[in-house]
Amino acid sequence: WESFLPSDYGDDDDDDDDFNITDIPDVAIDPETHLLTACNTSTTDIQVFYISVYNQTLTDAHGTILQSVDTTTTSSTEEKELVTRKCTTFIILCPPLTFAHLVQIQSREELCCWSEVDIESDVQPWSKHTQPDEEYTKQLLLFPLLTTTATSSATTYAAQPLEESTNNTFYPKNQINIQPSYYCTQGEYGQLTHFFKGNLHAIDF
């Protein structure tokens, strides 16, 4: 993290300045060091950065290569072909007037322009929940997580404890072969995306 002052980059009202804070992009790449940086130039707002880098080898401050996964999307061409790319995504909660230096792009040649790096980003102000410890105790939502319906009748076995099958999928106890349970990908306060006021207490399946 690197904090800075607006005065470090000139006065916005001074037309004689060659460069000022409004010229700083949300996401920057140093053409020589290949350092990828998230730039929050707001003087008041904490901002959330979603940055995805495709088909690049990325290393952290210790030179360790970061993990990437294959992601498949539909191309923007008329043919709408499926395109698979190697992807690494960063989610950053960045304070005001701060540079977040993320990773180094391991390119053998100097990067001259953005078009040489396949990258996507989304930046938005963080809307903090005013009551993060709020609990919903007056209602019970019966989602079919611990239930299973027998195929031979309409009998429903509700709220049974779970046990793990041989393929790491959880099923209601003693009902291994009837119906699989749902998989929870993110719970309350999930650090992947559940830090906004609209989804802080959400649970994803």
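In what order do the four strands of the open sheet run? The order is S6-S7-S4-S9, with antiparallel pairing. This is a predicted model, where local features need pLDDT of at least 70, side-chain atom pairs count only at pLDDT 80 or more, and totals for chains, interfaces and linings use all residues. Residues are numbered from 1 along each chain as its sequence is written, and side-chain values use heavy atoms, leaving out hydrogens and water.

**Whole chain**
- The protein chain has 13 strands and zero helices; these are DSSP runs numbered from the N terminus (helices: H or I, at least four residues; strands: E, at least two).
- Of its 205 residues, 28% count as buried (under 20% relative accessible area, 1.4 Å probe, protein chains only).
- Among contacts (heavy atoms within 4.5 Å) between residues at least 6 apart in sequence, 56% join residues at least 24 apart.

- Strands S6 (69–74) and S9 (118–125) are the edges, and each pairs on one side only; pairing takes at least two DSSP bridges between two strands.
- Strands S4 (residues 47–54) and S7 (residues 82–94) pair in the antiparallel sense over eight bridges.
- Val48 has Leu93 in S7 as its bridge partner.
- Strands of a sheet pair through backbone hydrogen bonds.

**Tyr50**
- Tyr50 lies in strand S4.
- From Tyr50 to Leu93 is 43 residues in sequence and 9.3 Å in space, C-alpha to C-alpha.
- Not counting residues up to four places away in sequence, the residues that Tyr50 touches include Phe90, Ile91, Glu120, Gln124, Leu192, Phe195 and Phe196.

Methods: Buried < 20%, exposed > 50% of the residue type's maximum accessible area, 1.4 Å probe, protein only.
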